Amino acid sequence: MAQAQAIEAGIEGGSRFAGLTIAAIGVVYGDIGTSPLYMMREAFGDTGGLRVTDATVLGVLSLAFWALVIVVTVKYVVVVLNADNRGEGGVLALAALAQRGPGGDRRRRIVVVLAMAGAALFYGDGVITPSISVLSAVEGLKVATPLFEPYVVPLALVILIGLFVVQRRGTAGVGRLFGPVMCLWFVVLALLGLTEIIHNPGVLRALNPAHAAAFFAAHGGIAFVALGAIVLAVTGAEALYADMGHFGRSPIRIAWFGLILPALVLNYFGQGALLLRRPEAVENPFYLIAPDWALYPMVLLATCATVIASQAVISGAFSLTRQAVQLGYLPRLEIRHTSASEIGQVYLPHLNWLLMVVVVAVVVGFGSSSNLASAYGIAVTGAMAIDSVLALAVAVALWKWRPWAAGLLFAGFLTVDLALFGATALKIPTGGWFPILLAAVLFALLSTWRRGRRVLFERLYDDAVSLSSIIERLVRRPPQRVPGTAVFLTSSLQAAPLAMLHNLKHNKVLHERIVVLTVITEDVPHVPEAERLRVEAMEGGFYRVLLHYGFMDTPDVPAALARCGTLCGPAFNMMDTSFFVNRERLIPSGRPDLSPWQEQIFIALSHAAQDATEFFQIPANRVVELGTRVEI
């Protein structure tokens, strides 16, 4: 009996692991999995500008293969996936780990700047990936007949707008199809590539890195320019780490070594074999590698794959924004949960529509995937370089690697990252300026909000009275007490809540039970239920309550107070509880803490922020707001 139960548990565990692996294939690898649509075409097209010869084809294939090995396999799959913040990954989770090492405030400031830069670059990638992916898929119709050319951009726009429209319904249902569809996609990639390699097995010589070295030796500057196209082969590598919290590192690694890497290599090498056999196929080697009868099915499958890749990027933007809000990099935004069971299934309405507008503008403005390829890659390589720096800090401070060993390894990674970044930087005049401009604007917003919140906190609490001294005075000279419970929300751990002081000043009364509540977001993704609540009983019916949440948790103040039990006296009755919140009215001050343009941006962001009561899920009919005029 026990043996049968063990076997059954093993089968159940194996089925769950297989399910996670298939799901990871659908979500994690959508971006990098659609790169074969355009990488080889761009290497020998406008981006790379290479002529099709035996040496150039073998050189490009060798560079692509070793980029996949060094950047994706060794750096991300083998090394960086170990930097989990309680199971979560991504640039903000990595930055939270990097801040824990020695170095004090200076180290933390540097890490925060890198985190904001990495997040800003991720959003740049999030705008371009859906645009170039869907355009590349639909452009396959032009291979069948030029008559389809006028309809490529409108059809791509219809697909992309439809994708953003359905976001509010959640993706839990269609998400179950992502894994099987992408598994089919990678199997087809492998079979198409293998079929062509059989005709010209000599293309496998490109596995030898000597061909990459010979390519650089023979072509010099042109080879460096061609790196700007090679970058396209590794776009999406950072998603391996960002999505670790959804699937775990083992399913991601198994999927990479078992299917993704072999399928990508076979397809790239198959396209190379096709070019050596038919140089005129450079127009679109991905679609021309397929038999004529398979062209329309391939366009349909490629469109499905690019929609899945786009969905993964959009979901990643939602998840990153949620983390940024919790960690104080962005103002509070409306966050809707679209699934009761799926991890990370959230929808941010304002961000969704903003992304849609920008993506539509990008598709219309650039007009083709080849034009977009000039803008693609610079955000990705910049984010990869930031990951290398932050991971180095984690390796030395937390993993206790020897500094010289960690320095050598990550110096190698950073050298490759910067080489790829330098190659993509050459594309700045022809489109690379766009993700840089977008990232710069977003970095300005992130840094302004973070600095503005610090300045506002100083303005509010610099001359504030401590909570302990106020309680001491109230115990000595108690005011009129009225029945019920008052909860005062405050961000200061020491000062008396401003809303409480205003209430005393204007109403001259206090409730029988006073709860001073502070919500704290930790630099970990999740805080266990048992560790979230801290209660300190004080004199005069006062209670100090601290609620700890992780940056992936959803704050719910009423639910947390209900778990207080008898720690704060009688159990909480929401109909007998009032929540007092201080609302700041911000006006420019001309002080030197923020420049005039930062003051205006911070005030605008503050007005756009979601109310604290909604964000913390406090019933609106139990809230009392007390205003404060603050010069920022």
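Visitor: Why is Arg-454 called partly exposed?

Guide: This is a predicted model, and in it Arg-454 has a relative accessibility of 42%. Buried means under 20% and exposed means over 50%, with partly exposed in between. The value of 42% falls in between, so Arg-454 counts as partly exposed.

Visitor: Where is Arg-454 found, and which residues gather with it in a patch of positive charge?

Guide: Arg-454 is found in helix H21. Arg-106, Arg-109 and Arg-451 gather with Arg-454 in that patch on the surface. Helix H6 (104–138) and helix H21 (433–461) each supply at least two residues of the patch.

Visitor: How do you know that Arg-544 has no salt bridge?

Guide: A salt bridge needs a side-chain nitrogen of Lys or Arg within 4 Å of a carboxyl oxygen of Asp or Glu. For Arg-544, which is buried, the nearest side chain of opposite charge is Glu-536, 6.0 Å away. That is not within 4 Å, so there is no salt bridge.

Visitor: What lies by the side chain of Arg-544 instead?

Guide: Arg-544 is found in strand E6 (residues 542–549). A polar atom of its side chain lies 2.9 Å from the backbone oxygen of Ser-492, and one lies 3.3 Å from the backbone oxygen of Leu-493.

Visitor: What makes Lys-400 count as exposed?

Guide: Its relative accessibility is 65%. Exposed means over 50%, so Lys-400 counts as exposed. Lys-400 sits in the loop between helix H19 (378–397) and helix H20 (403–425), and has a positive phi of about 60° although it is not a glycine.

Technical notes
Residues numbered from 1 in each chain as written. Predicted model: local features only at pLDDT ≥ 70, side-chain atom pairs only at ≥ 80, totals over all residues. Heavy atoms only, no water. Patch = residues over 30% accessible without salt bridge, like charges linked within 9 Å, V, L, I, M, F, W, Y side chains within 5 Å. Areas by Shrake-Rupley, 256 points an atom, 1.4 Å probe, with all protein chains shown as cover. Lys, Arg positive; Asp, Glu negative; His and termini not counted. Charge placed at Lys NZ, Arg CZ, Asp CG, Glu CD. Helix = DSSP H or I, 4+ residues; strand = E, 2+ residues; numbered from the N terminus. Buried < 20%, exposed > 50% of the residue type's maximum accessible area, 1.4 Å probe, protein only. Polar contact = N/O pair within 3.5 Å; in protein donor to acceptor, adjacent residues only side chain to side chain.
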